[in-house]
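Subject: Structure for you to look at

Hello,

Here is the structure I promised. Please open it first, then read my notes below.

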Amino acid sequence: MKTCYINGVGCISTQNTFETEFLSEVTLNETENVLFANQPSYKEFIPPAMIRRMAKGVKMGIAASTKALKEANLDLPDAIITGTGMGCVEDSEKFLKAILDNNEQFLTPTSFIQSTHNTVGGQIALGLQCKGYNFTYVNGAVSFETALLDAKMQVENEEANNVLIGGVDETSSHTLELFKLINIIKSEADKPYSVVTPNSKGVVFSEGASFFVLENEKKDNSYASVQAVSIMSALEMDEVQDYIGTFLAAHDLKPSDIDAVVLGNNGDSEFDGYYDSTKTMFEATPQVFYKHLSGEYNTASSFGFWVACNIIKNQELPEIVSLNSLKKEKYTTVLLYNQYRGKDHSLIVLKNAKT
Amino acid sequence: MKVAITGMGIISSIGNNVEANYHALVNGKTGISTIENFETVHKDVIKVGEIKLTNQQLAQQLGLDSDNNFSRTAMLGAIAAQQAVEHAGIQHINEYRTGLISATSVGGMDMTEKYYYEYFENEACRKYINSHDGGDSTHKIAEHLGLKGLVTTVSTACSSAANAIMMGARLIQSGQLDRVIVGGTDALAKFTINGFKTLMILSDTYNTPFDHNRKGLNLGEAAAFLVLESDDVVQKENKKVLAYVSGFGNANDAYHQTASSENGEGAFLAMQKALKIANLKPSDIDYINAHGTATPNNDLSEGRAILRIFEENVPEFSSTKAFTGHTLAAAAAIEAVYSVLALQNNSIFPNLNFNTPMEEFDLVPQTTLKEKTIHHVLSNSFGFGGNCSTVIFSKK
């Protein structure tokens with residue numbers, strides 16, 4: 001069985017993560033309940049006429065995937081697998097609004113064509129002329145993790161030598177308003193917002209795209225290897241420790257083997273309790289959080305994956321993502337745990353490629 | 001490595017369970033009709049494959065409380081998945097490492113389009129806001145089954161369910177799971193009706209797959225699920241195996257966001273890969289359940305791809321979409337059930353409404369019910385975004 005290495009990354013987020021060194025330019029937000037992506041200029045990735053037509057998610061996906069491929073020095077992947085929780089909401093809203101406002105008359109197909117969840121994966125394939133395996137997973141907070149699991153199996157089984165994977169979600173105005181109505185998004189009255197000490201329901205909502213090239217070959221520029229991925233549909237808070245313990249044991253790991261644990265805390269007072277038992281379990285381990293930088297969206301965990309990749313590659317844990325101020329000299333084995341509203345739990349183990 | 005199918009469930013416009021669907025298929029009884037369950041200005045100019053049960057009736061069948069927030073997509077899925085689990089004789093769903101992989105194209109769009117503006121005025125309907133995304137319908141199905149484990153959703157437009165079957169088979173083959181419930185669900189929605197209408201590929205009458213004068217597709221709604229189990233579980237539980245998933249292939253046409261390439265490159269590659277994985281020659285295939293949507297573009301492209309694979313020896317083929325309409329993300333799941341039924345009953349189901357062969361090539365689908373020993377069925381599904389999928393089902 002081959003090992004699955006991460007050999008290229010590209011990340012567009014609410015921070016300037018696309019054109020800078022790892023987290024070298026970050027700003028902390030306490031006052032906005034929605035954060036928008038810090039988008040690069042798309043000129044070098046997409047023809048100008050198409051830039052105007054394409055929705056944000058597609059553009060972010062194309063740019064982030066181009067960067068990941070370039071870093072991995074790969075022209076054409078064997079497979080493209082994307083994950084997106086909400087899909088192409090911008091075009092979906094546009095088309096639905098046109099249907100409702102004009103009583104199903106005078107419609108044009110463009111936004112419908114671009115509304116399907118696999119538009120990003122399809123457009124990347126079209127641009128690269130990639131005729132290989134092309135999948136899109138759409139299952140809330142495990143959309144990205146399913147893509148990762150699928151790719152990992154294919155690389156390990158030698159069905160694919162290399163796979164481009166990514167998590168992408170865009171915001172759109174109507175959906176944001178709906179999420180505010182039911183307090184998925186934090187209320188204005190609850191400012192200032194905090195992820196470390198959650199004091200209100202809901203999340204700071206955002207968007208982004210993180211893409212990765214996975215290959216069966218270790219290279220000088222490898223970030224890490226993907227050792228294990230687990231997905232669990234739902235858990236009670238008191239079941240989390242057992243879930244993590246069983247998962248680690250199944251991969252011959254103990255909590256003390258973990259050099260850093262990357263947690264998906266998003267500042268929602270109703271659900272961040274899910275991470276409490278993990279914090280206890282890994283009391284002596286450096287703890288990392290990231291959603292104070294990325295905000296929350298269904299594939300925000302792909303931003304966390306990007307953070308973990310960089311910590312391992314750089315062998316350095318930046319202060320800005322440190323949750324308990326603990327540091328280690330070496331980051332060999334890193335565990336990621338994420339969930340959203342008690343559902344779609346995922347665990348990932350990454351290992352330093354150089355060990 | 002083959003993966004066993006030990007149960008299946010289905011609800012479509014030609015029947016609310018496997019037996020009813022089989023009965024309609026062998027009797028040539030179409031489910032295409034005029035839309036009744038919701039209002040649309042296109043009501044009188046299109047035909048659809050609609051399940052003639054209201055949301056209230058579906059909720060009642062599932063025993064849901066009045067405060068439930070199931071979209072129609074979730075309800076159809078839960079009904080079909082429950083049938084599949086019962087058919088497989090599963091008593092304790094979490095006894096083995098069990099997963100659920102569903103497929104949907106628009107998820108809870110049926111509720112979103114109903115309450116899009118009303119959400120702001122009426123608090124009572126806000127329970128549906130969280131039912132919109134694709135994963136919600138899958139979670140609802142999992143909860144209905146009491147399933148806790150790997151639950152996820154595929155959305156690759158009209159090929160989605162084939163890909164759910166593929167991922168399920170892969171998870172069993174790699175030893176990650178012992179049992180996976182795979183399939184897809186999609187409810188009719190104004191969103192998709194108007195979408196396909198703007199693309200001008202909706203027929204104003206009964207769809208006629210592979211006919212020279214085909215005018216486009218009829219949309220339909222349906223859900224179907226299969227239970228896939230590892231050899232270990234089959235042996236331990238002494239399970240009756242209905243058929244096997246013996247091969248699968250997925251490729252991208254990389255030609256156009258919605259249209260298929262003229263020579264059916266993606267479809268060709270998907271069939272080729274599936275045959276390779278199944279370790280079969282084209283001549284081993286006894287029946288092709290074609291995608292056959294009856295759009296000018298699909299049937300020409302798919303026909304050419306079939307000719308490229310099978311050359312002079314194209315086996316009997318038919319599209320069952322004249323029965324059910326095109327049920328989008330559920331299509332490959334209901335057609336998987338039909339493929340298994342074809343294997344079990346050694347029957348090829350007719351391609352209804354066919355009169356005139358296409359002039360581009362010499363391909364004539366099977367238009368009457370035909371009995372024939374069937375060992376292997378190849379089922380095609382293609383979707384927007386260039387997505388092309390093939391699954392091969394085998395008796396042994």
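This is a predicted model: local features need pLDDT of at least 70, side-chain atom pairs count only at pLDDT 80 or more; totals for chains, interfaces and linings use all residues.

The predictor gives the complex an ipTM of 0.98 and a pTM of 0.98. Chain B has an average pLDDT of 97, and 100% of its residues score at least 70.

**Inside chain A**

Domain 1 of chain A puts 49 residues into the contact, and domain 2 of chain A puts in 43. Together the two domains bury about 3800 Å². Carbon and sulfur atoms account for 69% of that area.

On the domain 1 side, Phe22(A), Ala141(A) and Val195(A) lose the most area to domain 2 of chain A. Those three make up 18% of what that side buries.

What polar links cross this interface? The rule finds 15 residue pairs in polar contact, both residues at pLDDT 80 or more. For salt bridges the count is 0.

Four elements of chain A each supply at least two residues to the domain 1 side: strand S1 (4–12), helix H6 (143–156), strand S4 (162–169) and strand S5 (208–215). H6(A) gives the most, with 7 residues. By class, this side of domain 1 has 23 nonpolar, 20 polar and 6 charged residues.

**Between chains A and B**

Here 63 residues of chain A are in contact with 63 residues of chain B. The two chains bury about 5400 Å² between them. Of that, 63% lies on carbon and sulfur atoms. Glu104(A), Phe112(A) and Lys131(A) supply 12% of the area that chain A buries against chain B, more than any other three residues.

How many salt bridges join chain A and chain B? The rule finds 4. In one salt bridge, the side chains of Glu239(A) and Lys148(B) meet at 2.8 Å, N to O.

Several elements of chain A give two or more residues to the side that touches chain B, among them helix H5 (119–128), strand S3 (133–137), helix H7 (173–181) and strand S10 (343–352). H3(A) gives the most, with 8 residues. By class, the side of chain A that touches chain B has 29 nonpolar, 23 polar and 11 charged residues.

Best wishes

Technical notes. Residues are numbered from 1 along each chain as its sequence is written. Chains are lettered from A and ligands numbered from 1 in the order in which they are written. Side-chain values use heavy atoms; hydrogens and water are left out. Contact means heavy atoms within 4.5 Å. Buried area is the accessible area (1.4 Å probe) that two parts lose on being put together, summed over both. A polar contact is a pair of N or O atoms within 3.5 Å; within protein, one must be able to donate a hydrogen and the other to accept it, and residues adjacent in sequence count only if both atoms are side-chain atoms. Ala, Val, Leu, Ile, Met, Phe, Trp, Tyr, Cys and Pro count as nonpolar, Asp, Glu, Lys and Arg as charged, and the others, Gly among them, as polar. pLDDT is the predictor's confidence in each residue, from 0 to 100.
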